[in-house]
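Please keep the 3D view open as you read.

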Amino acid sequence: DPAPSVSSPLPSLDAVQDLFKQHAAPGGVCGAAELQAVLRGAVRRGALANSAEGFCLERCKSIVSLMDTRGFGRLEWTEFCDLWVKFSRWTVIFVRFDKNQSESLDYPEIIPALQGAGTGGGA
């Protein structure tokens, strides 16, 4: 995946590492509750601060399930790094195509956003 062409509206991975360490369970891993705290803390520092509460526990459980390559129900730092890179790239795309700054993609913004992400979306 190519790097985004605009700077991320989220904190850098280095900045988020402190949050990860702060909220990680013993052994340096994050389950859903710890991930929720990390993501909310990180998003509150960026352009989408109003959306931090969108990281409900159920969503964080789903994220852990998707990113947990070992099947233990927790993310190690390296797995979190993979998540953060993906999350940052998608956030850049989201912010770039949210033309009216509503913090949601309206119907006319969706196809250009999908095309900008390289996932198609055109006829």
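## The nonpolar core

The largest nonpolar core has 22 residues, and those that touch the most other members are Leu35, Leu39, Phe80, Leu83 and Trp84. Two or more residues each come from α1 (13–23), α2 (32–43), α3 (57–67) and α4 (77–97). Helix α2 gives the largest share, with 6 residues. Please bear in mind that this is a predicted model.

Start with Leu39. Beyond its neighbours within four places in sequence, Leu39 is in contact with Phe55, Cys60, Ile63, Phe80 and Trp84.

Next comes Phe80, which lies in helix α4. Is Phe80 buried or exposed? Its relative accessibility is 0%, under the 20% cut-off, so Phe80 counts as buried. Setting aside residues up to four places away in sequence, Phe80 touches Leu13, Val16, Phe20, Leu35, Val38, Leu39 and Leu75.

## Where α4 meets α5

Now turn to α4 and helix α5 (residues 107–116), whose axes come within 9 Å and cross at roughly 140°. The two helices are therefore oblique to each other, and their crossing is right-handed.

On the α4 side, the contact is made by Ile93, Arg96 and Phe97, while α5 brings Glu109, Pro112, Ala113 and Gly116. By type, the residues of this contact are 4 nonpolar, 1 polar and 2 charged.

Definitions and conventions:
Residues are numbered from 1 along each chain as its sequence is written. This is a predicted model: local features need pLDDT of at least 70, side-chain atom pairs count only at pLDDT 80 or more; totals for chains, interfaces and linings use all residues. Side-chain values use heavy atoms; hydrogens and water are left out. A nonpolar core is a set of buried Ala, Val, Leu, Ile, Met, Phe, Trp, Tyr and Cys residues joined through side-chain atoms within 4.5 Å. Buried means under 20% relative accessible area, exposed over 50%, partly exposed in between (1.4 Å probe, protein chains only). Helices (H or I, at least four residues) and strands (E, at least two) are DSSP runs, numbered from the N terminus. Contact means heavy atoms within 4.5 Å. Axes are lines fitted to C-alpha atoms, for helices over the stretch in contact, and angles run from 0 to 180 degrees between N-to-C directions. Angles under 35 degrees count as roughly parallel, over 145 as roughly antiparallel, 65 to 115 as roughly perpendicular and the rest as oblique. A crossing is left-handed if the near helix is turned anticlockwise from the far one by less than a right angle, and right-handed if clockwise. Ala, Val, Leu, Ile, Met, Phe, Trp, Tyr, Cys and Pro count as nonpolar, Asp, Glu, Lys and Arg as charged, and the others, Gly among them, as polar.
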